[in-house]
Amino acid sequence: MRTFEEIKNTIETGLGMHVCDLKIENVKLVNVFSGEVYPTNIYIKNKRIVSIDPSADLEAKKVLDGNGQYALPGLIDAHMHFESTMLSPEALASVVVPQGTTTMCADLMEIANVAGEEGLRAMLQSMNRLPYRMLIEVSSRVPTAPGLETTGAVLGAEEVANIMEWEESVSLGELDPSKILFVKDEYIKKVADTLAKRKLVNGHAIGRLGQELNVYASSGISDDHECVNTNEMIERLKVGMKVFIREGSSERNVDELIQGVIEHELDTSNLMFCTDDKHAREIQVEGHINYNVSRAVELGLDPMKAIQIATVNSAKHFRMEDEIGSITPGRLADIILVEDWREVKPTVVIFEGNVVAENGNLLEECKVEEYPDWLKHTVTLKNPITAESFAALSKKQDGSTKIHLIDMIPRQIINHHMLEEMQVKNGKIQVNIEKDILKLAVVERYGKNGNVGVGFVRGFELKKGALAYSMSHDHHNIVVVGTNDEDMALAVNEVARLNGGLSVTCGGKILNSMELPIGGLMSEKPAEEVMAQLDILNADAKALGCGMDAPFMSLSFISLPTVPDLGLTDLGLVDVLEHKLIPLEAEE
């Protein structure tokens, strides 16, 4: 909120009564409001832009020569989860800020499912140290699938309403269709409370079209980041929902959707960019929201439109265009300088009037502070985990049986529900490595009941060994995939020993592992160290036969009980569209 003193000081500075803090001279300003690009100077005082008038001649303490570069507003990620990066908010700064991202709208549903409101407060303790802005999309789904999973915490309507009062809270986080279409009063109450505060409700309308989509939108849902094809995008726009075009690690949608925008000549004012879930190394190598912009331009989208999608569109959507999203007077001075606005590679990043990154590097390290000890001890196995824990029991003693199989779709988080004939030996359903049908399991990790849900999945391509991870959306129990029960048990026990993390096992040996102690989701270590460790784990997975670019990201999503067609929790297989548990074996 701007105070009387701040407003008066800005006015007086523009009138020449005070000296500006910074003058950025000799730039080509990309004005996302007027749709123009023109040469000018930018004057800044007390974090805010004072003037962009080419004829202004104000005094400044410091002068930064833009060398004729383009000046763009700081980029906005409209929807993301810190936890999927495996980095703390502090460590993530060194990865995203040099890429030009100055605002991230974060749904902290992962830490909330593990540790509730206190977990959220622990995450927010980093905010004043960050060289970027963290806005909160208050988690609506804690748990995501009540009655179908075990979580560490619960956020009811009253708790959500209280958190929505926090200054950083801008919206109700992604709400999946089952909560609306099955008329769940608790979630409708959350929607009503949010709308009464004139804040937004984020959507998660994966796979919904027609009347179901109309009913979903009628509840007050504002947007959706789950479009995977042009038809889905157009249908959401038709019902008044904004679309977040996503480019993550395991869900790549920019190419398909931007090509659809161009082909159908769609209005881009209701489009935004987000990453949702993207590993840090991919951000470092490929880019963050700047990648989405550059790729959209490469595909043929007008550069001004691509930059508007990444900046002012999000600011307007979250009703913050008076503060961020443009380089215009009175707004916070979030500015990036680039040599070519068609390929956004920032040479300088300015956050709230301070230069925070240059030429791909953060100027000052954002140190990771100590997180509460209780938040680093969230993994408790109620029962010992052995190979027998993963037995897939059949009604038959030998022969074959049909099962419900999770069939993965490459580069997406959605999957197909398939029926598959499987061999049974001694009453147990066997994996089929030749057909790439492996065992998938979810182990309850909060010490509440000791449940182990077992299913089968196709798509990981492992020839031997197992992979385990303590991030399993959204319940965040331990998820493991493997070719044999012994290596699966070893992998799970290693993750538990670490109090959360990742592990790769083979032949009864732990090949590698990495601890993620903050809620079992994030590391306390610097970004480069975490990325290097993950590179090794990915290489180990590849050596076992896995051809995925981001195997652990795929592993974290494959059990999600709100993404069609099938999910897997500690309670068993979930038919997502019907929102119910189903047996592993199909009916005869």
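**Ground rules.** Since I am working with a predicted model, I kept in mind that local features need pLDDT of at least 70, that side-chain atom pairs count only at pLDDT 80 or more, and that totals for chains, interfaces and linings use all residues. I also noted that residues are numbered from 1 along each chain as its sequence is written, and that side-chain values use heavy atoms, with hydrogens and water left out.

**Entry 1, the largest pocket.** I looked up its volume and found about 1,400 Å³, where a volume is the space filled by probe spheres set on grid points joined across faces, edges and corners. A pocket here is an open set of points on a 1 Å grid over the protein atoms alone, where a 1.4 Å probe fits, with protein on both sides within 12 Å along at least five of seven lines; its lining residues have an atom within 4 Å of a point. I counted 43 lining residues for the largest pocket, and R133, E167, E323, L332 and E352 lie nearest its centre. By class, this lining holds 20 nonpolar, six polar and 17 charged residues, with Ala, Val, Leu, Ile, Met, Phe, Trp, Tyr, Cys and Pro taken as nonpolar, Asp, Glu, Lys and Arg as charged, and the others, Gly among them, as polar.

The largest share of the lining, five residues, comes from α11; helices (H or I, at least four residues) and strands (E, at least two) are DSSP runs, numbered from the N terminus.

F244 stands opposite M272 in β13. From β13 (residues 271-274), L271 and F273 point one way and M272 and C274 the other, and all are buried, that is, under 20% relative accessible area with a 1.4 Å probe and protein chains only.

I located H204 in the loop between β10 (200-203) and α7 (210-218). Is H204 buried or exposed? H204 counts as buried because its relative accessibility is 2%. Leaving aside neighbours within four places in sequence, its contacts (heavy atoms within 4.5 Å) include R141, E174, D223, H225 and T562.

Methods: Buried < 20%, exposed > 50% of the residue type's maximum accessible area, 1.4 Å probe, protein only. Pairing = 2+ DSSP bridges.
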